[in-house]
Amino acid sequence: MARGIRDVIRRAAKGSSWSHFMDYASPALFEVMPLRALLAQGKEFVANGSDARRYAKVRETIASSLSARGVAVELGPQDDGAEGLAPLSLSEPLRRKTGHQILEIYFTQILAGPDTILDLRADSFSASEGSTLRWRPKAFYVQWQPEFLTGLRDLYSGFYLDDEPRFKSGLYQLGLQDSGDALVSHLGSGDQRSVRFETSAFHTSFHDTFLACRDRGVALHRNFLALGIYLACLYDVLESLDLEFDVRGAFERTCGHS
């Protein structure tokens, strides 16, 4: 059944700018999300990707948010000729700096506004010594539903700012109140000051989260498809940088709690 639903989504995505992003989605998502919700999210992706004018406005707004938070990144339109990140050619200090900047991009988008560009793949970035990090993502973005975004913000703020009531509120709003242990594992253990990103571990933790929801009969919000892809892209690029990163510090700088 899950494979059949996934095939439907893949057919809907075929030929679009976001079709290959489906490879980043956890298979468990297709077991716990209603078909209608999946198709609604897919339909939004298609509409967003086909509206160049709106994407330009979204990109401009996000660029302003990044600048306001001191995230040094040059966000521009998609560049098919860009070489993307080549971690092996970058020094360790530059890889570390780049990884922290990408983490700040991840959190800034969630905290600053309703729209988030999901394309954090290594191919969408380029970095070199003495230059500003360049981000040229595909027109693949989501406008989070208000109730989902509120829950997501509470989840992250509660977790990284050690606010247990807010964290639990976030879990409840997202329908994950009995799946917290599995979800927390993807956020990082310990104090999250030195986290190494491994895509395989992420898929396992997210898969466990969704299976726990399935076993409880929970139908997940459609935005979990976007969140799963967003996180998978983040893990993919940070794993390629092959270093440990201060995730808690990135969140604190992003939200002003440094």
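1. Among contacts in the protein between residues at least 6 apart in sequence, 78% join residues at least 24 apart. The model is a predicted one, and the points below should be read on that basis.

2. Of the 258 residues in the protein, 53% count as buried. The accessible surface comes to about 11500 Å², and carbon and sulfur atoms account for 49% of that area.

3. Eleven helices and seven strands make up the secondary structure of the protein.

4. Three strands form an open sheet in the order E1-E4-E3, and the pairing is mixed. Its edge strands are E1 (73–75) and E3 (125–126), each of which pairs on one side only. Strand E4 covers residues 133–135 and pairs with E1 in the parallel sense, over three bridges. Within this pairing, Val73 has Leu133 of E4 as its bridge partner.

5. Helix H5, residues 92–112, lies across E1, E3 and E4. Relative to E4, H5 runs at about 45°.

6. Two packed helices are described by the angle between their axes and the distance between the axes. For helix H6 (residues 146–160) and helix H11 (residues 247–255), the angle is about 115° and the axes are 10 Å apart. The crossing of H6 and H11 is left-handed. On the H6 side, the contact is made by Tyr156, Ser157, Phe159 and Tyr160; H11 contributes Val247, Arg248 and Phe251. By class, the residues of the H6–H11 contact divide into five nonpolar, one polar and one charged.

How values were computed: Residues are numbered from 1 along each chain as its sequence is written. This is a predicted model: local features need pLDDT of at least 70, side-chain atom pairs count only at pLDDT 80 or more; totals for chains, interfaces and linings use all residues. Side-chain values use heavy atoms; hydrogens and water are left out. Helices (H or I, at least four residues) and strands (E, at least two) are DSSP runs, numbered from the N terminus. Buried means under 20% relative accessible area, exposed over 50%, partly exposed in between (1.4 Å probe, protein chains only). Contact means heavy atoms within 4.5 Å. Accessible areas come from the Shrake-Rupley method with a 1.4 Å probe; for residues, only the protein chains shown count as cover. Two strands pair if DSSP finds at least two bridges between them. Axes are lines fitted to C-alpha atoms, for helices over the stretch in contact, and angles run from 0 to 180 degrees between N-to-C directions. A crossing is left-handed if the near helix is turned anticlockwise from the far one by less than a right angle, and right-handed if clockwise. Ala, Val, Leu, Ile, Met, Phe, Trp, Tyr, Cys and Pro count as nonpolar, Asp, Glu, Lys and Arg as charged, and the others, Gly among them, as polar.
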